[in-house]
Every structure is written in C-alpha cells, then in structure tokens.
Amino acid sequence: RSLLIHGDELPVERSSVKDIDLYHFGEFLEKNYAIPASDVLEPGKVDIPQMLQNLGFMEGTLLTLAGVMMFGKNPQRLAPVNIVKCVAFVGNEISGSYYRDSEDLRGTIRDMYKSTMAFLMRNLRHEQKGQIPTVPEAALQEYVVNMFLHRDYFVSSPWRVLIFENRIELHSPGCLPNHQDIEKIKHGVSVSRNPLIFTFATKEIPYRGLGSGIKRAMALHPNVEFISDDDANEFVVILRF
C-alpha cells in the first residue's frame with residue numbers, strides 16, 4: 001500500500017456497511033466481476049464487508065470516501081459538501097439577480113454525472129431549430145467526467161456548474177497539483193488524484209481514458225479556457241460560445 005494518502009481513500013466517520021446501496025453495488029459486481037447481483041442481495045451469499053475492503057471501499061468498519069461516493073445510499077449524509085451547485089443565469093454576470101434555473105445535485109458520482117448532464121442539456125441554448133446545442137454534448141461529457149474524477153476531495157467545497165448567455169463554467173475544488181500544468185492537460189497528460197474513484201468510477205460513467213478525452217473535447221469545441229486558480233483553490237473550465 002502506498003504511503004501517500006489520497007482523499008478518496010480516507011475512512012468516513014459514522015459510516016458502515018449499512019450505508020451501501022446493495023442494489024447498486026450488486027449491479028457493479030455483476031457487470032465487472034461476474035458476481036450475480038442476486039447473490040449480493042441474499043444474506044450470507046457474499047461477504048460484503050470483505051468485498052468492499054478488497055476493492056478499497058472500506059477501511060476497518062468504516063467506508064472510504066470512494067465507497068460512500070460511489071455506492072452510498074445517501075452519500076451527502078456522510079459527505080455533505082460533495083454536491084453540485086448548478087445555476088443558469090440570465091445575462092453574463094455571476095452577480096446578476098435573475099436566473100433561469102437552479103438546482104443542487106446529490107447522490108452517487110454516477111447519479112450526479114447524469115443529473116449534471118441533464119441540467120446542462122436542458123439549459124443550453126440550441127441552434128438550428130433547437131436541434132444542436134451551442135457546445136457539443138460529447139465535449140461536455142468529457143469535461144463533466146473529469147470534474148468528478150480529478151477534484152481534490154481534501155477541499156471542503158462543492159462543484160459548481162454555471163451557465164451564462166455566452167459561456168459555461170465548470171468549477172472543481174482544488175487547483176492543479178505541483179507536478180501538473182495546463183499545457184500538459186491540453187496535450188493529454190492525465191495524472192490521477194483519486195486512484196480508487198479513477199479506477200472504478202470510470203466503469204460507471206463514460207470515460208475514454210489515457211488523456212485522449214480532453215484532446216477530443218477541445219477538437220469538438222476549441223473555444224475553451226482552463227484556469228488553475230491558486231487563490232480560490234479550484235480548477236475551472238470555461239466553454240465560450
């Protein structure tokens with residue numbers, strides 16, 4: 001085991017195996033490890049705590065943050081800051097008083113990915129009689145996936161998804177680590193900050209891997225800016241249109 005502690009490996013206080021959604025965990029095991037989901041639901045058929053420990057989702061009697069965020073029944077009861085705050089503004093200023101839509105998104109990483117994409121797609125301006133969004137859906141998928149995989153889980157802040165008349169801003173807690181920079185990101189160099197979530201969440205949300213996703217997203221929508229903000233301790237993707 002590495003001596004370096006990652007945020008997703010930390011045990012979560014007040015958690016236990018009872019906080020795991022066995023239906024979701026069973027689906028995951030059946031799809032990826034050929035363990036029937038029905039066996040997971042049948043008491044005594046599968047040693048659930050041992051399976052969780054083997055995969056890194058449990059440490060002793062406590063779930064790790066990865067276990068909570070991937071398979072928790074109610075992840076935000078145990079990790080309340082890990083929500084997505086979404087706002088679609090009228091105009092182009094965050095100080096504006098009017099907004100079209102606002103929602104706080106909760107659930108597992110899989111749930112929040114789906115609901116974040118739904119929020120974006122329903123609030124994006126469309127062209128050609130409402131058929132084509134101003135930012136291609138495939139590009140948005142790449143950036144939203146990376147938002148969940150690479151945030152700094154040591155930072156106690158929510159994700160923020162802001163839609164303005166002329167841009168989308170995706171805010172992830174945690175600026176880039178010292179060994180990473182924006183030029184490396186643009187060239188497809190990907191470094192995992194959260195090895196457990198990176199390894200297993202990519203089996204649940206559409207990740208294409210090897211750093212190629214960002215390059216593909218930039219090709220689909222070149223008008224993009226990346227900001228690693230040390231003062232705010234966050235990483236921001238700005239998609240202009």
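The entries that follow go from conventions to the sheet, then to the core and the cysteines.

I keep in mind that this is a predicted model, in which local features need pLDDT of at least 70, side-chain atom pairs count only at pLDDT 80 or more, and totals for chains, interfaces and linings use all residues. Residues are numbered from 1 along each chain as its sequence is written, and side-chain values use heavy atoms, with hydrogens and water left out.

I looked up the sheet and found an open one of six strands in the order 4-3-7-8-10-9, with mixed pairing, where strands are DSSP E runs of at least two residues and helices are H or I runs of at least four, numbered from the N terminus, and two strands pair if DSSP finds at least two bridges between them. Its edge strands are strand 4 (99-105) and strand 9 (224-229). Strand 3 (residues 84-89) runs antiparallel to strand 4 and is joined to it by six bridges, and Ala88 has Asp101 as its bridge partner in strand 4.

I then turned to helix 7 (residues 137-150), where twelve of the 14 residues are buried, meaning under 20% relative accessible area with a 1.4 Å probe and protein chains only; Tyr143 and Phe148 are among them.

The largest nonpolar core has 65 residues, a core being a set of buried Ala, Val, Leu, Ile, Met, Phe, Trp, Tyr and Cys residues joined through side-chain atoms within 4.5 Å. Phe25 and Phe57 have the most contacts inside this core, to which helix 7 gives the most, with eight residues.

Last, I checked the cysteines: Cys86 is buried at 1% relative accessibility, and Cys175 is buried at 15%.

Technical notes
Buried means under 20% relative accessible area, exposed over 50%, partly exposed in between (1.4 Å probe, protein chains only).
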